[in-house]
Amino acid sequence: MAAPSETERLLGRGPGYGTTESPAAAEEEELRRRLKYFFMSPCDKYRARGRRPVKLGLQLAKILLVTVQLILFGLSNQMVVTFKEENTIAFKHLFLKDYVDGADDSYAVYTQRSLYDRMFYAVEKYLAIPNETIGRYAYVRGESGGNRSALMLCQQYYRKGRIDPANDTFNIDPKIVTDCLGVDPEDPQLLPPELDRSYKNFTLKFHKLINVTIQFQLKAINIQTIINNEIPDCYTFTITITFDNKAHSGRVKIHLDNRADIKECKDPSVFGRGDNSFRLFFDVVVILVCSLSFILCARSIIRGLMLQHEFSRFFWRRYNQSVCLSDRMEFLNGWYILLVISDVLTVLGTIMKIGIESKNFASYDVCSILLGTSTLLVWVGVIRYLTFFQKYNILIVTLRVALPNVIRFCCCVAVIYLGYCFCGWIVLGPYHVKFRSLSMVSECLFSLINGDDMFVTFAEMQQNSYLVWLFSQIYLYTFISLFIYMVLSLFIALITGSYETIKHQCEGETPVSQLHAYIAQCKDSPKSGKYRRDSASSCSVFCCCERAPLQDNALLVN
């Protein structure tokens, strides 16, 4: 038999020129190489396999698209908010007698005559809208055959109520009775007829009165949207004027609420404008880009979990050891989870935006929350690609090291903070306007921690009770001293200490986890060409790549 050639001895299993690895060693080396590739940066992955960083380019494109979409929606939403706010101010000046801007908290009446006067004034101004208002409004009349009129004047009172302060006696049935009177505007004629004065006979039961409400609807059209090349919206304003007497303190507070419902106009006609096809096309592009980003990021998460499971099984089978939790969590990329959440929010917000622009939805607030949160997460997600550079990674590494200690510290501080909140609310609430509710107390104390309104908080404390005033001084001084000089300083010290720890680690030898120590045994550089797969390996954007089987006659030559 002829002697084997040098090529056959090189590729064969038997001893000859070169050596071959055992299947177990080859499998372990392949696993190390796959682990090293998994934790590479996009640039190193490109050098290793020649695959372009598609996700990086896609995220940059998504940032641009989502930001432009948010700006366009913000400009449109700004006009909606401005139109509603300006109409609300106009309604207050129209229907509230002697109203002054900024006097919402102090606008009230104190006599029966004043209450009747302002109540009838609002009704009369409503009936005179076509002849007096500058804006173009239309009545929303009651349904034909129904019991509801265009304007409803209602009073709520206790079914039975007798109060006699002279004898310190009272007799009240807490069941609430509602009494309403409907008022309808006259049909337009050449000469306006005398207004119907039947509402003048509406008598209020002051001794058991809870509140009086005047509710009606008006229609308007917001034509300023044509500036942004949008079709004008049709609005239905529901105005409710409330005379609040539930406190029975002799002071009846008056406030006006305005709720706007937006719908599509019946026959829109804007010459040369109103074409939303470009906006619709742009929104569809955003949905497609975010859907592709979702698929790629979800695929990367699934690949990481599969690789983690394979590494855990191999480590247990080879070394009879289990992988610790911190090393297993290394495979779960939190940045990809962040991007997946942002993609879902962007798609949902964009669908709602399309519905709003087509006048099928009017949930501007929900859409704003979805688009705003998604844009925030998209911009934060870019930090992932900065973490591959050591000089830009200091913020993320510091937060990662300091976060456990900061959370434990905040839990301890929250107990003391809540104690001060409850104490200030129950003791100082009757004597200080900033301590009237728990939310106001928390806002006031948080402002004091940041050094805001210190003198005002001390100065606004009422001195009706010397004991409470003395308690307030002790309360405020101890809180400020404790939280500013101790708690805040310790909080900053925790973060500074973590930064110093990271700084010393960068200057010295960085601690390596068990996982990365295992990966470091692979000395193959990204340019070695050993990370490239056979072209026959099946891989798709929509599925995870299957690991190519290791050839038995493969020879690893360094």
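Cysteine 180 is partly exposed, at 37% relative accessibility, whereas cysteine 154 is buried, with a relative accessible area of 10%; buried means under 20% relative accessible area, exposed over 50%, and partly exposed in between (1.4 Å probe, protein chains only). The structure is a predicted model, in which local features need pLDDT of at least 70 and side-chain atom pairs count only at pLDDT 80 or more, while totals for chains, interfaces and linings use all residues. Residues are numbered from 1 along each chain as its sequence is written, and side-chain values use heavy atoms, with hydrogens and water left out.

Cysteine 154 and cysteine 180 form a disulfide, with their sulfur atoms 2.0 Å apart; a disulfide is a pair of cysteine sulfur atoms within 2.5 Å. One disulfide is found in a search of the whole structure. The link of cysteine 154 and cysteine 180 is right-handed, with 110° about the S-S bond. Because cysteine 154 lies in strand β3 and cysteine 180 in strand β4 (residues 169-183), the pair ties together parts that are 26 residues apart in sequence. Helices (H or I, at least four residues) and strands (E, at least two) are DSSP runs, numbered from the N terminus.

The largest nonpolar core has 52 residues, and Phe95, Tyr126, Ile214 and Ile241 have the most contacts inside it. Such a core is a set of buried Ala, Val, Leu, Ile, Met, Phe, Trp, Tyr and Cys residues joined through side-chain atoms within 4.5 Å. The elements that give two or more residues to this core include α4 (54-95), α5 (112-127) and β3 (151-164). Helix α5 gives the most, with seven residues. A second, separate core of 21 residues includes Tyr417 and Phe483.
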